[in-house]
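Let's take a friendly walk through a protein model together. Have the sequence and the 3D view at hand, and look up each part as we come to it.

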Amino acid sequence: MSTPAARRWTGAAARERKRRLVNILMLGLTGLATLLALVPLAWILAEVVARGSSALSVEFLTQTFKPTSLGGGGIWHAIVGTAILVGLASLLAVPVGILAAFYVVAHPNSAMGLAVRFGTDVLSGLPSIVVGLFIYTVLVIERGYSAWAGSLALAILMLPVVVRTTEEMLKLTPQSLREASLGLGAPEWKTTFSVMLPAALTGVVTGLMLAVARVSGETAPLLFTALGSNNLSVALDKPMASLPLTLFKYAVDPSKTRNAQAWAIALVIIVLVLALNVGARLIAMWRSRMMR
Amino acid sequence: MGQSVSVTLPVGVVAPPLSVASTAVLGAASGLSAKMKLDRMSVYYGAFLAVAEVSLPVYAHQITAIIGPSGCGKSTLLRALNRMNDLISRARLTGKIWLDGEDIYAPQVDVVDIRRRVGMVFQRPNPFPKSIYDNVAYGPRLYDRIPKSELDEMVERSLRRAALWDEVKDKLKESGLALSGGQQQRLCIARAIAVEPEVILMDEPCSALDPVATLKIEELMQELETDYTIVIVTHNMQQAARVSDYTAMMMMRPDRAGQVIEFDVTAKIFTRPGDKRTEDYVTGRFG
């Protein structure tokens, strides 16, 4: 007994009910997915803290290796090793990466610029163990395991990250600043160095810290390059300890003490990486406030 | 007086450019010498003709205004004068631009040298994110190792010249970005004159400023006229009438190429323009 107008109206109500239902369903699905994504992170953190904190102590951080019969000692040698390996890798990768980024920004469509961009894309997708294998083949087989080889492998892994973040940050600096500098008669390189890089610096530093955090946890490329060691060593031509390598060794050790220490190392690495990430975030926040 | 020659070009056809002879007559009438000369200059962006066959004199120690509706190629013309268009990879220029008798687009010319002699102030104030002092010192430092005392002097002189010294003398170490918009623009002018250019190009220098700051910049321009040759692009007709000595009126042809349709003494352009379109534009009947 309904008129056409009324029928349209009831149709509209039904459509609206359906729309709401779909909305609730989608909201539920996305919420569930978010939760699922968070579960592993929370679980890992909880597990590492629960299992790692028992072996963690000041002595653990400040002593070097001791046999399990003497209490197992600490990981000072691995902390020093990681600092040297990662520091040296940064020293190699950062200048090369930043200069390459300058080139790419100045000549984006040149053959070299395109090659660098393509190369960094490929390099950043390369499994880290392949880089380790490469260094092993060209360096280690002839000259033996060394900190040098380990740092070189880490540097190769850092390079694409450094190039890409620097490039992106330089591209974000306002064109007007570049024009202002060139308009004063500054050459291109001077413009990049004294105007664009300082303007992009906090962004670049953020990127560098993330790159450092990334390679600090790398194990595979160090396995057959720096090898690992139980001694506190600063010799660059000898094998060197590192946190991830020590973790690996202790985790597969039959001794319960070593297993507990492995968890403690995991905790140390996580805190280290977290600190670098938070530091990067803080710099980014500080930067955005400075720019206002 | 009143003997200046106005040269009017027809639209839609390939315009006969302002001949060198006619510009010479124009300059000779007022006893001026041309600092820069454009001779049948055209600018292309790829295949697109942006500015067509412009011939103009830029008289020394005069302010030349370029006016015209949006998109008619005023900025493109201005940026051709210190080769800022070189930064756009598809930009190409034909014809000649002379600076004191030197062809600035000749292959042996160093573009860095041209930009040092022909400075630029941009539409939006664009101080470097550095201190006020370092902003002004940036240019001089590019060319020489200058002793601190001499540099201090240069910075003060430039800031005084830009009528900014009294406002910033106690905070030279503070960021240039902390200044107000009008102050920032005067800082940019100080930065430009610190390298002691011969010509200063200004691309709508007041369009981002309030009327008070605008007035300051205009006063400043008239001060600077004694030492520098100034070319200004402006959308503000009153501004062109107030500050400039000569005015070039630009308009777009049907094929969208920008063209100078009239060039004359500013007073003449605004009272007795030779071209009907100029008259319509400056009286606000159009554009």
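## A strand between two partners

Strand 3 (residues 63–67) of chain B runs parallel to strand 8 (residues 229–233) of chain B, and four bridges join the two. Strands here are DSSP runs of E with at least two residues, helices are runs of H or I with at least four, and both are numbered from the N terminus. Two strands pair if DSSP finds at least two bridges between them. Within this pairing, B:Ala65 has B:Ile232 as its bridge partner in strand 8 of chain B. Strand 3 of chain B also pairs with strand 9 (residues 246–252) of chain B, again in the parallel sense and over four bridges. There, B:Ile67 stands opposite B:Met249.

Is strand 3 of chain B mostly covered or uncovered? It is mostly covered, as five of its five residues are buried. A residue is buried if 20 or more other C-beta atoms lie within 10 Å of its own, exposed if 12 or fewer do, and partly exposed in between, with C-beta atoms placed from the backbone. B:Ile63, B:Ala65 and B:Ile67 point one way from the strand, while B:Thr64 and B:Ile66 point the other way.

## How to read this model

This is a predicted model, in which local features need a pLDDT of at least 70 and side-chain atom pairs count only at pLDDT 80 or more, while totals for chains, interfaces and linings use all residues. Residues are numbered from 1 along each chain as its sequence is written, and chains are lettered from A and ligands numbered from 1 in the order in which they are written.

The pLDDT is the predictor's confidence in each residue, from 0 to 100. Chain B has a mean pLDDT of 86, and 89% of its residues reach 70 or more. Residues 1–25 of chain B have a pLDDT below 50, and this stretch has 42 contacts in the model beyond near neighbours in sequence. Where pLDDT is low, the predicted coordinates should not be read in detail. For the complex, the predictor gives an ipTM of 0.81 and a pTM of 0.74.

## Where the parts meet

Two residues are in contact if their C-beta atoms, placed from the backbone, lie within 7 Å. By this rule, 14 residues of chain A are in contact with 18 residues of chain B. Which elements give two or more residues to the chain A side? They are helix 7 (175–183) and helix 8 (188–216) of chain A. Helix 7 of chain A gives the largest share, six residues. By class, the chain A side has nine nonpolar, three polar and two charged residues. Ala, Val, Leu, Ile, Met, Phe, Trp, Tyr, Cys and Pro count as nonpolar, Asp, Glu, Lys and Arg as charged, and the others, Gly among them, as polar.

Chain A itself is divided into domain 1 (1–52) and domain 2 (58–291), with bounds that come from an automatic or database domain assignment. The C-alpha centres of these two domains lie 41 Å apart. Four residues of domain 1 of chain A are in contact with five residues of domain 2 of chain A. On the domain 1 side, these are two nonpolar, one polar and one charged.

## The largest nonpolar core

A nonpolar core is a set of buried Ala, Val, Leu, Ile, Met, Phe, Trp, Tyr and Cys residues joined through C-beta atoms within 7 Å. The largest one has 149 residues, and A:Met158 and A:Ile265 touch the most other members. Helix 6 (residues 147–172) of chain A gives the largest share of this core, 16 residues. Leaving aside residues up to four places away in sequence, A:Met158 touches A:Ala89, A:Ser90, A:Ala93, A:Ala211 and A:Val215.

## Two positive phi values

Most residues other than glycine have a negative phi. A:Leu227 has a positive phi near 70° and sits in the loop between helix 9 (220–223) and helix 10 (243–251) of chain A. Why does A:Leu227 count as buried? Because it has 20 C-beta neighbours inside 10 Å.

B:Glu204 is not a glycine either, and its phi is positive at about 45°. B:Glu204 lies in the loop between strand 7 (199–203) and helix 8 (211–224) of chain B. B:Glu204 counts as buried because it has 20 C-beta neighbours inside 10 Å.
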